[in-house]
Amino acid sequence: MIVTSAEAVPALKGFLTEDALGAVGTDVALHGALLVKNARSLLICGAPGAGKTTLALALVAAGFDCGGDDIALMDGRGLMRGVPFAPALKSGSWDLLDGLRDAIIACPVHRRLDNKRVRYLAPVRYAPREHVPLHMIVLIRRRKEGPAVISAVEPVQALSELLSGAFTSERRLDVMQFESLLTAVSGARLVELTFSRLDEAVAILSRYHEEG
């Protein structure tokens, strides 16, 4: 691959991501941002550009540990751990994280192969590399204005969201892996969060995560 100097880091991350996914073994890789607090995890899922990384870093600033902003691994018991790449922030989110603005500005600007500009934020407070229970699955929806609203979702909707971004070394889920995913979903709190302001989203998720 021939790339410019500005494209080298995103291209390298792409190769490293492929390498990480190729080494998942019997785990299931899920597309989402994983946060950990009090030995329980919270998985943020959403469409590309929905703001998973931005919300994840806002939660880190509020006391959560970062498991990973893009890939979470689920083992055969339905327990989770993240893949701790440096979080990738697209240009639209650089001014949204007030408490991290100086750290973000200090990071160099890179250009992905899709022409989007990104900064990789490091260092970040990462969670210990151990599997923890999945306490909550959060499907996020961004909107331009309006208060943050959180509502329960059906297990089928949450399962469908996870399956759409699931990856295994065999490129398909076997029966045991599917049952592990069902175990994780059935034991977690399942919610959809619609929000426009990060501070409101963080306040709601922090409160829900503290609840049993």
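# Close-up views of a predicted model

**View 1. Helix 1 and the largest pocket.** Helix 1 gives the most to the lining of the largest pocket, contributing eight residues. The model is predicted. The largest pocket holds about 810 Å³ of space. Its lining counts 35 residues, and T53, D70, A88, K90 and R112 are the closest to the centre. By class, the lining of the largest pocket divides into 16 nonpolar, ten polar and nine charged residues.

**View 2. The largest cavity.** Rolling a probe the size of a water molecule over the atoms shows where empty space is left. One cavity of 30 Å³ or more is present in the structure. About 70 Å³ of space lies in this largest cavity. The lining is made by 13 residues, and those closest to the cavity centre are G67, G82, A127, P128 and R129. Strand 2 (33–37), strand 4 (65–68) and strand 6 (80–82) each supply at least two lining residues. Strand 6 gives the most, with three residues. Eight residues of the cavity lining are nonpolar, two are polar and three are charged.

**View 3. A nonpolar patch on the surface.** M1, V3, L12, F15, L16 and L113 make a nonpolar surface patch of about 600 Å². One of these residues, L113, sits in the loop between strand 8 (110–111) and strand 9 (117–120). Is L113 buried or exposed? L113 counts as exposed because its relative accessibility is 52%, and the cut-off for exposed is over 50%.

**View 4. The salt bridge between K37 and E210.** Side chains of opposite charge can pair when their charged atoms come close. The structure holds nine salt bridges. One of them joins K37 to E210, with the closest N and O atoms 3.4 Å apart. This pair links distant parts of the chain: K37 belongs to strand 2 and E210 to helix 6 (residues 198–210), and the two are 173 residues apart. K37 has a relative accessible area of 21%, so K37 is partly exposed. E210 is also partly exposed, with a relative accessible area of 42%.

**View 5. The salt bridge between R101 and D98.** Here the side chains of R101 and D98 meet, N to O, at 2.6 Å. D98 is exposed, because its relative accessible area is 60%.

**View 6. The salt bridge between E192 and R141.** E192 pairs with R141 in a salt bridge whose closest N and O atoms are 3.5 Å apart. Which strands does the pair link? E192 lies in strand 12 (residues 189–195) and R141 in strand 10 (residues 134–142). The two residues are 51 residues apart, and the pair links distant parts of the chain. R141 has a relative accessible area of 31%, so R141 counts as partly exposed.

Notes: Residues numbered from 1 in each chain as written. Predicted model: local features only at pLDDT ≥ 70, side-chain atom pairs only at ≥ 80, totals over all residues. Heavy atoms only, no water. 1 Å grid on protein atoms, 1.4 Å probe; cavity = no way out; pocket = protein on both sides within 12 Å on 5 of 7 lines; lining within 4 Å. Points joined across faces, edges and corners; volume = space filled by probe spheres on them. Helix = DSSP H or I, 4+ residues; strand = E, 2+ residues; numbered from the N terminus. Nonpolar A, V, L, I, M, F, W, Y, C, P; charged D, E, K, R; others polar. Patch = residues over 30% accessible without salt bridge, like charges linked within 9 Å, V, L, I, M, F, W, Y side chains within 5 Å. Areas by Shrake-Rupley, 256 points an atom, 1.4 Å probe, with all protein chains shown as cover. Salt bridge = Lys/Arg side-chain N within 4 Å of Asp/Glu carboxyl O. Buried < 20%, exposed > 50% of the residue type's maximum accessible area, 1.4 Å probe, protein only.
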